[in-house]
Amino acid sequence: MSEKILNIAHLSAEYRTDDGVSSVLNDISISLEKGETLGLVGETGAGKTTTALAVMRLLPKHTGFITGGDIEFAEAGSLLARTEAEMRAIRGHRISMIFQDPMTSLNPVLRIGDQIKESFKIHMPDLSDEEMEQKVDQMLEMVGIPASRKREYPHQFSGGMKQRVVIAIALSLEPELLIADEPTTALDVTIQAQVLHMMRQLKKNLGTSMILITHDLGIVSQNCDKVAVMYAGTIVESGTAEELFLSESHHPYTVGLFGSIPDMKKQTKRLSPIDGLMPDPMDLPTGCVFHPRCPKCMEKCKCEVPKEVTVDGQHVIRCHLFEEVERHV
Ligand SMILES: Nc1ncnc2c1ncn2[C@@H]1O[C@H](COP(=O)(O)OP(=O)(O)O)[C@@H](O)[C@H]1O
Ligand code: SF4
Ligand SMILES: [Mg+2]
């Protein structure tokens, strides 16, 4: 029996600054079952980090606002209805996030080993001090840092090493949902493979669900059960990884992003640039948000917002081209 762990339904969010209002998430829906990994892909500025922060209820105070929809987490129900104290209890233990810029997540005055141990103290209080020290050593070795360096402070570590410590802490918490925001982008290939291996182990052993925000299609094809492609605050295409890799039907943005779909299986293939720029969320295009860059743009794309169309199973595309297909079936 599948068990829903996360249900983001019609979520909208905006940033309000002195310059104006940015509509950063516009009616996005994502659902995740226990043990599933979802790959969230899209160019910089699409709203991926904002989606993750919204789930953590960590949008910047006084600037970031959820303006519609809901986020439900396991039996806890709506996260939007939780108090800050309740959210603190959920963060870390139940939902853990590896931030895109993890350098700021470490405490500069605590030794590296003690910071990892801290999370064991909270999460596994029954362990003896010796067992905790052993686990700290294990965690460090797993992310490629000699255990002998655990008594050092963050400033003695390189950027990449600090990032690996942050990853070790997030994984050691054994959360039910792990949100990893481009966790391996700055790591070398060997360490990247080790970190991804650890994440897969976590999923296998504990049934951890994950949202993996990444630019690397190799990572998507090797680690993700589902994929959501995001553009200008909208999920333009989503489905199981298999459906996306095998289907011939794709949103024009996905086609542009992936170059050609068969290449999606190639491990080293990265997202390819598309002509033009992501629109400013303060001034989104009317109709289909992708229309100014779309090679297939039709007259109605400029004024009518396309609806989500299920093309097959869980495979959903938000594009007028597919509304036509659906009508003629
Ligand atoms: N704190 C903020 N205040 C105002 N705008 C922001 C803030 N954070 C992000 N944005 C804007 O929101 C949009 C989405 O950003 P983000 O969620 O970081 O996208 P991604 O992670 O896909 O690159 C971008 O246009 C970005 O400039
Ligand atoms: S709705 Fe129109 S502009 Fe948007 S992606 Fe589809 S064809 Fe292109
Ligand atoms: Mg981001």
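**Ligand shells, domains and confidence in a predicted model**

Helix α1 is the element that gives the most to the shell around ligand 1, contributing three residues. The structure described here is a predicted model. In total, 15 residues surround ligand 1, and Y15, A46, K48, T49 and T50 are the closest. Two or more residues of this shell come from each of β1 (4–17), β2 (20–33) and α1 (48–56). By class, the shell around ligand 1 comprises nine polar, five nonpolar and one charged residues.

The domain assignment of the protein chain gives two domains: domain 1 is made up of the segments 4–94, 175–191 and 207–277, while domain 2 covers 104–174. The centres of the two domains, taken over C-alpha atoms, are separated by 27 Å. Contacts between them involve eight residues of domain 1 and 11 residues of domain 2. On the side of domain 1 that touches domain 2, six residues are nonpolar and two are polar, with no charged residues.

Helix α3 comprises 12 residues (residues 112–123). At 1.5 Å a residue, helix α3 should span 16 Å, and the distance of 18 Å between its end C-alpha atoms agrees with this expectation. The buried residues of α3 are I112, G113, Q115, I116, K117, S119 and F120. An α-helix has 3.6 residues a turn, so residues three or four places apart point the same way. The cover over the buried residues of α3 includes α4 (129–142) and α5 (159–172).

The loop between α4 and α5 contains H155. Because H155 has 9 C-beta neighbours inside 10 Å, this residue counts as exposed. H155 and R111 are 44 residues apart along the chain, and their C-alpha atoms are separated by 9.9 Å.

Confidence was examined along the protein chain. The mean pLDDT of the chain is 89, and 93% of its residues reach 70 or more. Strand β4 (residues 64–73) has the highest confidence, at a mean of 98, whereas helix α10 (residues 320–328) has the lowest, at 73. Over residues 260–264 the pLDDT is below 50, and this stretch has eight contacts in the model beyond near neighbours in sequence. Where pLDDT is low, the predicted coordinates should not be read in detail.

Note on methods. Residues are numbered from 1 along each chain as its sequence is written. Chains are lettered from A and ligands numbered from 1 in the order in which they are written. This is a predicted model: local features need pLDDT of at least 70, side-chain atom pairs count only at pLDDT 80 or more; totals for chains, interfaces and linings use all residues. Domain bounds come from an automatic or database domain assignment. Two residues are in contact if their C-beta atoms, placed from the backbone, lie within 7 Å. Ala, Val, Leu, Ile, Met, Phe, Trp, Tyr, Cys and Pro count as nonpolar, Asp, Glu, Lys and Arg as charged, and the others, Gly among them, as polar. Helices (H or I, at least four residues) and strands (E, at least two) are DSSP runs, numbered from the N terminus. The expected span of a helix is 1.5 Å times one less than its number of residues. A residue is buried if 20 or more other C-beta atoms lie within 10 Å of its own, exposed if 12 or fewer, and partly exposed in between; C-beta atoms are placed from the backbone. pLDDT is the predictor's confidence in each residue, from 0 to 100. A residue is near a molecule or strand if its C-beta atom, placed from the backbone, lies within 6 Å of it.
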